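Here is a protein model to read through questions and answers.

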Amino acid sequence: MDPRDTAVLLPPPPATDPEHGFFDCAEESAHYAFSVQLLLTQYASLVPWQAEGVAELGSGDARAIAHVVRAVPGLRVHGTDISPTSVEKARQTIGGLGVSDRYGVKLGDFFTWADSPAGRDVSTVIANPPYIPAPDGDIRMPELWGGWYGNDLVLRLLKAGFDHLLVALPSYSDPAATLATAADLGYQVANFLAMGLEFGAYSREPKVARHIAEITADGHGWSGGDSYVVAVALLTRSPELPRDRATELLRALQLSV
Ligand SMILES: C[S@@+](CC[C@H](N)C(=O)[O-])C[C@H]1O[C@@H](n2cnc3c(N)ncnc32)[C@H](O)[C@@H]1O
């Protein structure tokens, strides 16, 4: 494949009021998809996705990664999602794009699968994980709750034993703490793509927006009122990585270093 072939088809525009039961944010999903495609292809010599495939935490309706699978020959993805509506929609998307031989989505908790023998055979995880910070999970879509600071799921992923993580890190979900934990666990930042986004339906919810204002004022991340930055980063424990870009990543997320 020509590494310049990074086109990702945009999902349709978001509904003004996203349907209940599955994640719907076209800009964020497109950024995740584009970044996964670019980072996997650019770092193919470091990340063994061609030999092993990759696992995905939280496939949602699969519009993001189904397009990537279609564009990248040889990419195989084992997806999971905890939401039955998402899994049903994901299977429709995947079938419609004709990639069901290389992309499957199972209903269930990613971490249960990760602990299984099949999970231990894969060393790369991709995820736009649940990252909404809130005092509790009683929010618009409870499956998107990421704990008090929003980074509970990515911290669990870091501790799950995978060598390579391609994850979305939002500026308002305490990314400095996440990256400090990553460094303690031996991960370096290979590279990342960062994009500014407006608060969407999930972060605009008054309870969530208030909480984001409080935690960022306390130094646990950054938001610009009703905007934030999301970086999709490749974190790796490969000893072959020539350069750690953790400082550049923190700066891109508007955090002082
Ligand atoms: C932010 S959405 C991302 C969806 C999709 N990857 C995208 O970017 O369009 C996060 C997804 O993770 C799912 N999820 C939450 N906790 C999970 C878990 N423990 N295991 C698997 N999926 C989970 C949610 O249901 C949701 O669909």
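**Reading the terms in this model**

Q: What makes up the largest nonpolar core, and which residues have the most contacts inside it?
A: The largest nonpolar core has 74 residues, and those with the most contacts inside it are Val36, Ile65, Val167, Ala231 and Ala233. A nonpolar core here is a set of buried Ala, Val, Leu, Ile, Met, Phe, Trp, Tyr and Cys residues joined through C-beta atoms within 7 Å. Strand S7 (residues 227–236) gives the most to this core, with eight residues; strands (E, at least two residues) and helices (H or I, at least four) are DSSP runs, numbered from the N terminus.

Q: What should be kept in mind about the model and its numbering?
A: This is a predicted model, in which local features need pLDDT of at least 70 and side-chain atom pairs count only at pLDDT 80 or more, while totals for chains, interfaces and linings use all residues. Residues are numbered from 1 along each chain as its sequence is written.

Q: Which residues is Val36 in contact with, leaving aside its neighbours within four places in sequence?
A: They are Ile65, Val68, Ile126, Leu166 and Val232, where contact is a matter of C-beta atoms, placed from the backbone, lying within 7 Å.

Q: How do you know that the span of helix H9 (residues 206–217) agrees with what it should be?
A: The expected span is 1.5 Å times one less than the number of residues. For the twelve residues of H9 this should give 16 Å, and the end C-alpha atoms are 16 Å apart, so the two agree.

Q: What puts the buried residues of H9 on the same side?
A: The buried residues of H9 are Val208, His211, Ile212 and Thr216. They cover an arc of only 125° around the axis, which puts them on the same side of H9, the arc being that of the directions from the helix axis to the C-beta atoms. On the other side of H9, Pro206, Arg210, Glu214 and Ala217 are exposed.

Q: Which residue just after H9 takes a positive phi?
A: Gly219 does, with a phi of about 90°.

Definitions and conventions:
A residue is buried if 20 or more other C-beta atoms lie within 10 Å of its own, exposed if 12 or fewer, and partly exposed in between; C-beta atoms are placed from the backbone. Two residues are in contact if their C-beta atoms, placed from the backbone, lie within 7 Å.
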